[in-house]
Amino acid sequence: MRLLKLSLRTRIFISMTALVFLASILIAAVTIYQYKEEAEEYHRERLERKEERIQIAINNALKSTTYPVNQENLPLIFRERQRIYQISEEHSLPINIYGLSGELLVKSESTFFKDTTDIQLSPLILDTLASLYDKKYLVKSEKNGERFLTSYTYITDTRSKPLGILHLPYLEDDDLITRELIEFLRRLGQVYLLMLLVAIILAYFLSKYITRSLKTISETIDQTRLDKRNKRIDIGDASEEIYSLVNAYNSMIDELEQSAAMLAKSEREAAWREMAKQVAHEIKNPLTPMRLTVQSFQRKFDPNDPNIFQKVQEYSNTLIQQIDTMSSIASAFSNFAQMPAQKNETLDVIKIVGLALDIFNEDYIVFPSEKEEIIAKFDRTQLIRVVTNLVKNAIQAIPENRTPKIIVDVFSENKEVVITVADNGIGISEDNKKKVFEPKFTTKTSGMGLGLGMVKNIVETYKGSITFTSQKGKGTVFKVKFPKE
């Protein structure tokens, strides 16, 4: 499972390196197996050649003897003139001759090998030899830490009548073959070590080449966003599979852009429809008292009434008040709908914030204007609008039975300008915290709730952010951040 979590490039690198490494191990194992097979074949063929020559020498001895050729005379025949010793020394192999019943008749006393002669052959050997078609039985054995390949064959007379059993214990001396095998494996190891180094280098660059296109695709996909225009992938040299993946991604991007455009259009239309309903509702509120005032004036108008001028004045004041309310609604909607232009004026934020606070002329608004200047790029009018809306919101959040206190502060934090507006108002409830910046949300009995939404739009236009912290019944702190450059 851990291997599946590795990157494709790493897996290709590990796979190619492991392939060469396993190939070297496999070839070494096959080589060792092949050497063992060849060694066994070599010893078997060598024993067969020696056996054939020894049989010829034995037949010659049987032909040249003066003793009657039978089993009882075999010891005499081969001890005569030490023939068995001569044959053994000539072929560098100990020779043992057994009777047909398995008893040892005569043996050579070779100085080349250790004496491992059995006095009596086992019945298994006798039965097996008798049952074989070619009357030749090979047995592998190990004695005293040495491996032997033993041959059992019949000694026959001129009429192919068995006289005895020829026993040839052949010592499998693998020293020479083992030295050759070790030398071969050493050279093979050197070659495969070089190949392994070459494979590692080749695997590194090959895996890098193979995954280069995939890395480009991965980076592009990571940068894909719904709220911005995404780049299409353009890869020049790539495999057919990569081209299919790229074409699928580019098609997805095209469909995503179309869907995003349709979604944005739908959201804008829905937002404006909702805003139009809100504006219509807010405008209807002052129209009703205006209608009632006019109708009352029509019914009660009397030119001879001594208080006619006072009543006209009251009717006029009521109409003017409702007209002002509609005017403020229209202004708030216009200010919210009009996105600020990014003029990026170089200005002193401390000075502009001070100018924005001058219009309030309230003693409970505290601003430490003696601070050093903070230079940033922002639109002068929009910055004043941000500050005045935050302060107005703070003033309206303070209840009438509480001594108001508003603290405005401006300072630098890393490469950003921070403006805070803190009040001791009623605070914001948990239910309303998520709705604070919604355009139509307000907790006041009048107004459209567009102020904080407009502030958020202005700040985000200049790549800034607005956040707040609030405690119910104790107050709220709004924090505006935007970059200096």
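Trainee: What should I keep in mind about the numbering and the model?

Mentor: Residues are numbered from 1 along each chain as its sequence is written, and side-chain values use heavy atoms, with hydrogens and water left out. The model is predicted, so local features need pLDDT of at least 70 and side-chain atom pairs count only at pLDDT 80 or more, while totals for chains, interfaces and linings use all residues.

Trainee: Thanks! Why is Ile 97 called buried?

Mentor: Buried means under 20% relative accessible area, exposed means over 50%, and partly exposed is in between (1.4 Å probe, protein chains only). Ile 97 has 0% relative accessibility, so Ile 97 counts as buried. You will find Ile 97 in strand β1 (residues 96-98). In space, the C-alpha atoms of Ile 97 and Gly 164 are 6.6 Å apart, although 67 residues separate the two in sequence.

Trainee: What separates Glu 41 and Arg 44 in helix α2?

Mentor: About one helical turn, because they are three residues apart in that helix. Their closest N and O atoms are 2.0 Å apart, and they form a salt bridge. Glu 41 has 32% relative accessibility and counts as partly exposed; Arg 44, at 28%, also counts as partly exposed.

Trainee: Which salt bridge does Lys 481 form?

Mentor: The side chain of Lys 481 meets that of Glu 413, at 2.9 Å from N to O. This pair links distant parts of the chain, with Lys 481 in strand β12 (residues 475-483) and Glu 413 in strand β9 (residues 406-413), 68 residues apart. Lys 481 is partly exposed at 22%, and Glu 413 is partly exposed at 29%.

Trainee: How many salt bridges does a search of the whole structure find?

Mentor: Eight. There is also a network of salt bridges that links Glu 183, Arg 186 and Arg 187.

Trainee: What makes Phe 21, Leu 22 and Ile 25 a nonpolar patch?

Mentor: Patch residues have over 30% relative accessible area and no salt bridge; like charges are joined within 9 Å, and nonpolar side chains (Val, Leu, Ile, Met, Phe, Trp, Tyr) within 5 Å. Take Ile 25 as an example: at 41% relative accessibility Ile 25 counts as partly exposed, so the value passes the 30% cut-off. The three residues together have about 300 Å² of accessible area, a quantity that comes from the Shrake-Rupley method with a 1.4 Å probe, where only the protein chains shown count as cover for residues.

Trainee: Why are Ser 160 and Asn 414 called exposed?

Mentor: Ser 160 counts as exposed because its relative accessibility is 56%, and Asn 414 counts as exposed because its value is 77%. Ser 160 sits in the loop between β4 (146-156) and β5 (162-171), and its phi is near 65°, a positive value in a residue other than glycine. Asn 414 is in the loop between β9 and β10 (416-423), with a positive phi of about 60° although Asn 414 is not a glycine.

Conventions:
A salt bridge is a side-chain nitrogen of Lys or Arg within 4 Å of a carboxyl oxygen of Asp or Glu. Helices (H or I, at least four residues) and strands (E, at least two) are DSSP runs, numbered from the N terminus.
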